[in-house]
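Look through the model below from the inside out.

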Amino acid sequence: MTDDLYWTPQAHAKLKMIPFFARPQARQKIEAIARAAELEEVTAEVVEQARAKFGQ
């Protein structure tokens with residue numbers, strides 16, 4: 001597995017719904033969840049999991 005995760009278009013769309021000033025931190029948390037699950041791509045479902053976990 002590489003350090004770079006592939007983001008699906010749907011996941012990117014959900015990320016863009018997050019205010020721009022919070023996106024870098026949100027992206028890090030989302031990618032941490034994907035890596036913990038040993039995934040190679042970030043899907044909309046992973047973004048939703050992060051949202052539920054962090055209460056947004």
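The largest nonpolar core has 11 residues: Leu5, Trp7, Ala11, Leu15, Ile30, Ile33, Ala34, Val42, Val46, Val47 and Ala50. A nonpolar core here is a set of buried Ala, Val, Leu, Ile, Met, Phe, Trp, Tyr and Cys residues joined through side-chain atoms within 4.5 Å. Buried means under 20% relative accessible area, exposed over 50%, partly exposed in between (1.4 Å probe, protein chains only). Two or more residues of this core come from each of α1 (9–16), α2 and α3 (44–54). Helices are DSSP runs (H or I, at least four residues), numbered from the N terminus.

This is a predicted model: local features need pLDDT of at least 70, side-chain atom pairs count only at pLDDT 80 or more, and totals for chains, interfaces and linings use all residues. Residues are numbered from 1 along each chain as its sequence is written, and side-chain values use heavy atoms, leaving out hydrogens and water.

Take Val46. Beyond four places in sequence, Val46 touches Ile30, Ile33, Ala34 and Leu39; contact means heavy atoms within 4.5 Å.

Now Glu31. Glu31 lies in helix α2 (residues 23–36). Glu31 is buried, at 13% relative accessible area. Leaving aside neighbours within four places in sequence, Glu31 contacts Leu5, Trp7 and Val42.

Next, the rings. The structure holds 1 aromatic pair. The ring centres of Phe20 and Phe21 are 5.7 Å apart and the planes stand at 85°, so the pair is edge-to-face (centres within 6.5 Å, planes over 60 degrees apart). Both Phe20 and Phe21 are exposed.

Terms used: Rings of Phe, Tyr and Trp (its six-membered ring) pair if their centres lie within 6.5 Å; planes under 30 degrees apart count as stacked, over 60 as edge-to-face and the rest as tilted.
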